[in-house]
Amino acid sequence: MSGSQRADVVIVGGAIVGSAVATFLALRPDWDGRVVVVERDPTYRTSSTTLSAASIRLQFSTPLNIEISRFGIGLIKDLGRWLGVPGAPRPAIDFVEGGYLFLATPAGLPILEANHAVQREHGVNVALLDPDDLRRRFSWMVVDDLAGGSLGLSDEGWFDAHALLQAFRHRARALGVEFRAGEVVGVDRDGAAVHGVRLADGGSIDAAVVVNAAGPRAAEVAAMAGFELPVRPRKRFVYHFDCRAPLGPAPLTINPGGVYFRPEGPSWIGGFSPREGESDPDTLDLDVDRAPFETVVWPELARRVPAFESVRLLDAWAGHYEVNTLDHNAVIGPHPDVPGFLFANGFSGHGLQQAPAVGRGLAEWIATGGYETLDLTPLGYERIIRDEPIRELNVV
Ligand SMILES: Cc1cc2nc3c(=O)[nH]c(=O)nc-3n(C[C@H](O)[C@H](O)[C@H](O)COP(=O)(O)OP(=O)(O)OC[C@H]3O[C@@H](n4cnc5c(N)ncnc54)[C@H](O)[C@@H]3O)c2cc1C
């Protein structure tokens with residue numbers, strides 16, 4: 001469909017973040033505007049959302065990130081209330097409350113302890129374990145080089161990301177949101193006012209509010225409105241493997257070197273992010289490289305878990321982190337000089353769990369001109385302009 005259309009809000013990108021913004025707007029009894037979500041890949045095969053490791057944790061070092069994920073876990077645990085559609089089966093996303101386990105060597109212990117103090121202060125159900133505790137709880141793990149671990153005892157785990165996306169979309173559609181297939185190629189703006197978007201098929205949508213929910217392509221969409229956004233697409237691989245020896249229940253475990261693994265049904269997934277200073281080029285390709293499984297992932301896994309010495313790589317995929325190169329934190333809310341242009345970007349590997357709170361927050365802002373529940377102002381675009389990073393120490 002081409003031609004011009006009118007809406008109150010246009011959302012560029014219809015994966016988890018765009019769909020969450022649309023849903024929370026449509027859920028508001030005090031707002032009855034028209035929302036159109038434009039999505040260039042309606043299969044979602046290339047979206048970060050469906051290529052992610054689909055996990056949620058409260059173990060962050062920044063209180064605001066803890067609160068953002070707390071709302072996410074609340075929604076996941078009460079999905080029917082938030083996303084149930086009358087007359088349709090209750091949405092199901094197979095949530096496994098398996099916990100996260102951050103491991104630390106003596107060098108990393110002070111940060112683990114500092115994070116623990118922040119998390120306890122904010123009511124996170126987390127335990128600091130010494131090597132003996134670790135050995136007792138996880139008999140399959142080598143702990144000789146470790147000084148401790150931080151284990152989430154509740155409200156952390158993993159789920160089916162595609163199912164959560166579909167639940168948001170279903171709810172949004174049932175509330176009257178329109179999802180339109182197409183690629184946004186231009187944002188019309190005249191000084192401080194936004195007028196809408198132009199599409200690759202020649203069509204256009206007039207709207208006074210445009211939300212950038214374009215994931216790894218967020219900087220492209222920001223540039224269409226004339227704004228620089230330091231969000232870059234960085235490729236991450238997920239390796240899916242099996243292990244003949246049964247380990248029993250295991251949390252999502254993050255090794256001190258950065259390699260993580262977690263159960264995936266009867267098998268396992270794992271991966272890593274390059275460390276500070278290592279090559280991490282911008283790219284939008286999704287080609288898979290299996291070599292790092294042999295050179296980086298498997299050696300670390302086998303050192304930590306002897307049973308992983310004999311694993312078999314089943315398959316692997318690539319997805320994109322939308323890395324905010326300023327501080328690895330999300331950029332949320334209106335441009336200070338152009339309030340009709342809103343950012344929902346730069347989640348840097350934790351956007352799936354942040355989508356519910358970000359969707360709710362932007363809906364509040366659009367409907368009322370401010371945040372009503374969680375104040376997301378610290379994550380605003382102003383800090384990008386001022387070059388003032390917010391340090392989050394628990395980045396995976
Ligand atoms: C390997 C990997 C593991 C991850 N693990 C986790 C995890 O465990 N927990 C977690 O919380 N997060 C995780 N993430 C991060 C999470 O997946 C993302 O932060 C989140 O999915 C971002 O959602 P989004 O909707 O902003 O982006 P996306 O899902 O990428 O969606 C953006 C959408 O915008 C569309 N789009 C882009 N440009 C345009 C345009 N011009 N016009 C129209 N449409 C456009 C795209 O087609 C896309 O569908 C992981 C990511 C990866 C890659």
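Strand β2 (residues 9–12) and strand β3 (residues 35–39) run parallel and are joined by four bridges. The model is predicted, so residues are numbered from 1 along each chain as its sequence is written, local features need pLDDT of at least 70, side-chain atom pairs count only at pLDDT 80 or more, and totals for chains, interfaces and linings use all residues. Side-chain values use heavy atoms, with hydrogens and water left out.**Exercise 1.**

*Solution.* Begin with the terms: strands (E, at least two residues) and helices (H or I, at least four) are DSSP runs numbered from the N terminus, and two strands pair if DSSP finds at least two bridges between them. Next, follow the order of the open sheet, in which six strands are arranged as β9-β3-β2-β13-β20-β19 with mixed pairing. At the edges of this sheet are β9 (178–181) and β19 (331–334), each of which pairs on one side only. Finally, neighbouring strands are turned by 20° against each other on average, with direction ignored, where axes are lines fitted to C-alpha atoms, for helices over the stretch in contact, and angles between N-to-C directions run from 0 to 180 degrees.

**Exercise 1.** Describe the surroundings of the ligand, starting with its closest residues.

*Solution.* Count a residue as near if one of its heavy atoms lies within 4 Å of the molecule. By this rule 38 residues surround the ligand, and the closest are Glu39, Ser47, Thr49, Ser55 and Glu322. Three of these names return when distances to oxygen atoms of the ligand are examined: a polar side-chain atom lies 2.6 Å away for Glu39 and 2.7 Å away for Ser47, and an N or O atom in the side chain of Thr49 is 2.6 Å from a ligand oxygen. Of the 1,000 Å² of accessible area that the ligand has on its own, the protein covers 98% (Shrake-Rupley method, 1.4 Å probe). The elements that give two or more residues to the shell are α1, β3, α2 (48–51), β14 (231–243), β18 (311–324) and α10, and β18 gives the most, with four residues.

**Exercise 2.** Trace the sheet that contains β10, and find the glycines with positive phi in its hairpins.

*Solution.* First, β10 (residues 184–190) and β11 (residues 193–199) run antiparallel and are joined by six bridges, with Leu199 in β11 as the bridge partner of Val184. Their hairpin has two residues between the strands, and Gly191 takes a positive phi near 60° there. Second, three bridges join β11 to the antiparallel strand β12 (residues 204–206), where Asp206 stands opposite Gly196. This hairpin has four residues between the strands, and Gly202 takes a positive phi near 95°. Third, the whole open sheet has four strands in the order β1-β12-β11-β10, and its pairing is mixed. Because β1 (4–6) and β10 stand at the edges with a single partner strand each, one side of each is left without a neighbour in the sheet. The twist from one strand to the next averages 20°.

How values were computed. A polar contact is a pair of N or O atoms within 3.5 Å; within protein, one must be able to donate a hydrogen and the other to accept it, and residues adjacent in sequence count only if both atoms are side-chain atoms.
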